[in-house]
Amino acid sequence: TTILFIYTDAKGFQEKEIREKLQAFPGGSIDLVKQESGIAVLTVNNPARMNAFSGSMMVELEERVSQLEEWTEGKGLIIQGAAGTFCSGSDLNAVRAISNPQVSPQYCQRYIQSSGQSSTQSEIYPTLGSVLNVVIDISNPQVITLPSVVGSSRLALPLLSVALVEGNALGGGAELTTACDFRLMAPGSVIQFVHKHMGLVPGWGGAARLVRIVGGQNALKMLGGALKIDPEMGLQIGLADGVLEGSLAGSGANALLEAEQWLGCYTTGPAPVIRAIKSVVVSGRELPLEVALRTERDVFGTVWGGPANLQALATKAKHK
Ligand SMILES: C[C@@H](C(=O)O)C(=O)SCCNC(=O)CCNC(=O)[C@H](O)C(C)(C)COP(=O)(O)OP(=O)(O)OC[C@H]1O[C@@H](n2cnc3c(N)ncnc32)[C@H](O)[C@@H]1OP(=O)(O)O
């Protein structure tokens, strides 16, 4: 939460104030189950609205991510949507209420009151936009605390994360998939940045992350054409890291089981080692080389001579 304060101060918000504003748009939940296997499952749960993000869900997302940060035995994270579909982005009811006070004076009234000032309509939308931005950014499921060299800046969770995409991932939902390390797509699923059709561009970091995943050319096509990316196209451009078997997909439990098996290939092993792997790769990707090299040396120091290392040396492991 220290970081939250630094970040929000820069934006002129206080944590409490943000929470209150977001709580004025209730509905749905973000559910977290931490499993013995070291893989946690985070469910975006608002099926009546195709798992759209209400304000209170944003607050919950931040809370769940904080819980994951404290989970030292954790190795992996699966983000899924409830009831066989991923997430349809912002809750359009809330967005409409803010954009047009006539639709729901109640929403806006509460919003204006909680912001402690009377705002004109044109001031309200960008303000809420920044609120959503702040919450999503600090709730980025790749938030990690890197070693001392880079202070306590949060870059990513030390977990290997996968977005399990069934049904639709639209708008902000498509952005959420890019905040994971990997994307698995079920047969018939679609990832679509519909922002252009909404008169928008991504604002939750989805464009910057998309460019890193599929490259600038593909990102331009996806955003410019608001393209519907199916599993085949997803694999082709590197957006999807795998496609679920048809036979198993369709039933939520089986899709989740398949995703757990897929992720298990990468999370098998001791937690400190898996977490260190995530750290060195994220710092290598996101930090200037000099800082990344220092970070790598520090992370190396956390596993060198550690239990897993000593055990491997003692058993004279052969990698045949
Ligand atoms: C740009 C970004 C941002 O703000 O930064 C955003 O995320 S903007 C949001 C981008 N997302 C969207 O534009 C999604 C628009 N929705 C759709 O295209 C469609 O609903 C699909 C998601 C493809 C599902 O179609 P399908 O025919 O299967 O079901 P449906 O349309 O009857 O949807 C079931 C119920 O979920 C609601 N619903 C769906 N998406 C919603 C959303 N984002 N916010 C609020 N409610 C939503 C529908 O209004 C409907 O409610 P009722 O049963 O009460 O009628």
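## Basis and confidence

The model is predicted, with local features requiring pLDDT of at least 70 and side-chain atom pairs counting only at pLDDT 80 or more, whereas totals for chains, interfaces and linings use all residues. Residues are numbered from 1 along each chain as its sequence is written, and side-chain values use heavy atoms, with hydrogens and water left out.

The mean pLDDT of the chain (pLDDT being the predictor's confidence in each residue, from 0 to 100) is 82, and 75% of the residues score at least 70. For the complex, the predictor gives an ipTM of 0.98 and a pTM of 0.88. Over residues 1-12 pLDDT stays under 50, and the model has 17 contacts for them beyond four places in sequence, a contact meaning heavy atoms within 4.5 Å. Residues 103-124 also stay under 50 in pLDDT, with 30 contacts beyond four places in sequence. Where pLDDT is low, the predicted coordinates should not be read in detail.

Helices (H or I, at least four residues) and strands (E, at least two) are DSSP runs numbered from the N terminus, and two strands pair if DSSP finds at least two bridges between them.

Strands S1 (residues 29-34) and S2 (residues 39-45) run antiparallel and are joined by 6 bridges, with Ser-29 standing opposite Asn-45 in S2. Their hairpin has 4 residues between the strands, and in it Gly-38 takes a positive phi near 90 degrees. Strand S3 (residues 76-81) contains Leu-77, which counts as buried because its relative accessibility is 1%, buried meaning under 20% relative accessible area, exposed over 50% and partly exposed in between (1.4 Å probe, protein chains only). The C-alpha atoms of Leu-77 and Ala-156 are separated by 12 Å, the two residues lying 79 residues apart along the chain.

## The sheet of three strands

Another open sheet has 3 strands in the order S5-S7-S8, again with mixed pairing, and its edge strands, S5 (168-170) and S8 (228-229), each pair on one side only. S5 pairs with S7 (residues 190-192) in the parallel sense over 3 bridges, and Ala-169 has Ile-191 as its bridge partner in S7.

The axes of H11 (residues 271-286) and H12 (residues 289-303) come within 9 Å and cross at roughly 175 degrees. This makes H11 roughly antiparallel to H12, a description that applies to angles over 145 degrees, with those under 35 counting as roughly parallel, 65 to 115 as roughly perpendicular and the rest as oblique. Residues making the contact include Pro-272, Val-273 and Ala-276 of H11 and Ala-292, Thr-295 and Glu-296 of H12.

Lys-316, which follows H13, has a positive phi near 45 degrees.

Note on methods
Axes are lines fitted to C-alpha atoms, for helices over the stretch in contact, and angles run from 0 to 180 degrees between N-to-C directions.
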